[in-house]
Amino acid sequence: AGDSTEALFHRAFKELTAIKKQKQSESESSNLGEKILFTYTPQYEEKVVEDEDGYLKMGSADEPPFLPAEMDTSSYTTIYSALPFSHPAVNQVDDKVKLYQLYKDDPVASNVFPKSYLSYREALLDTEPGDEDDSILYVKDAGATRGEDIYIKTWDDLALDYEQLKEEGEYDVDDGEGDVIIQRAVTDLYTIDGDGPIAGRRFDIRYYLVITDGSVYLHSSMVYRWTLGPKYDPKDTNVKNQVINVVAYAGGEIF
């Protein structure tokens, strides 16, 4: 609390261990201070429990999280593990529809996220007359990740889908069914400057963080990724060109 943005961004992961070093003999050190281990263990999806302070964590005292057999964890006083995607607390944020329902009434968050809709009809009606030709919309599976199950539509394409689905009568295109979210394309993305081999491409600057016990810790390094496909065209509806997972399919550097 009270830390500046700069201080947060320059806090290294090694500080997460929070080891309270004390000048004690080796035999006494296990009883003094605290040593914490953070581990990513999706294998224990059914072992989500609450600790004595009410925080969610994986495993319990008698059923610890999965760790390599050769790893000696006897010196750690606490072991934290990542919650799996299937956990309700994570699903509330990972599911695009549920996330939208969380932030849609927040004026600050609504200015950060793309304009979103829960149904075909809502997306079509929220387009100003005369702007149809310039409207690009993304239809996304609510639970999909890594650029999968995304369809890019012009306003006319979406209107045609609406009419076809409406005629078939098997999907509620007027109110939606909570399985997809439709988002208006962000067309003013920053791209790499210059005239080099990756100029005009999209890029990501990512920091990794850990959230535990109400505190947020950011790694001191960042990952810079750029796409290797064609130059960014905001009106391109080719999924292969637009939906590039910059973490998995791009070049990059760590700083």
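## Salt bridges

Five salt bridges turn up in a search of the whole structure, a salt bridge being a side-chain nitrogen of Lys or Arg within 4 Å of a carboxyl oxygen of Asp or Glu. This is a predicted model, in which local features need pLDDT of at least 70 and side-chain atom pairs count only at pLDDT 80 or more, while totals for chains, interfaces and linings use all residues. Residues are numbered from 1 along each chain as its sequence is written, and side-chain values use heavy atoms, leaving out hydrogens and water.

One of the bridges joins K235 and D134 at 3.0 Å, N to O. This pair links distant parts of the chain, 101 residues apart: K235 sits in the loop between β12 (223–226) and α8 (239–242), and D134 in the loop between α6 (120–125) and β6 (136–141). Helices (H or I, at least four residues) and strands (E, at least two) are DSSP runs, numbered from the N terminus.

D161 meets K153 at 3.0 Å, N to O, and D161 is buried, with a relative accessible area of 18%. Buried means under 20% relative accessible area, exposed over 50%, and partly exposed in between (1.4 Å probe, protein chains only). D134 is partly exposed at 47%.

## The open sheet

Let's turn to the strands. Four of them form an open antiparallel sheet in the order β5-β8-β6-β7; strands pair if DSSP finds at least two bridges between them. β5 (116–117) and β7 (150–154) stand at the edges, each with a single partner strand, so one side of each has no neighbour in the sheet.
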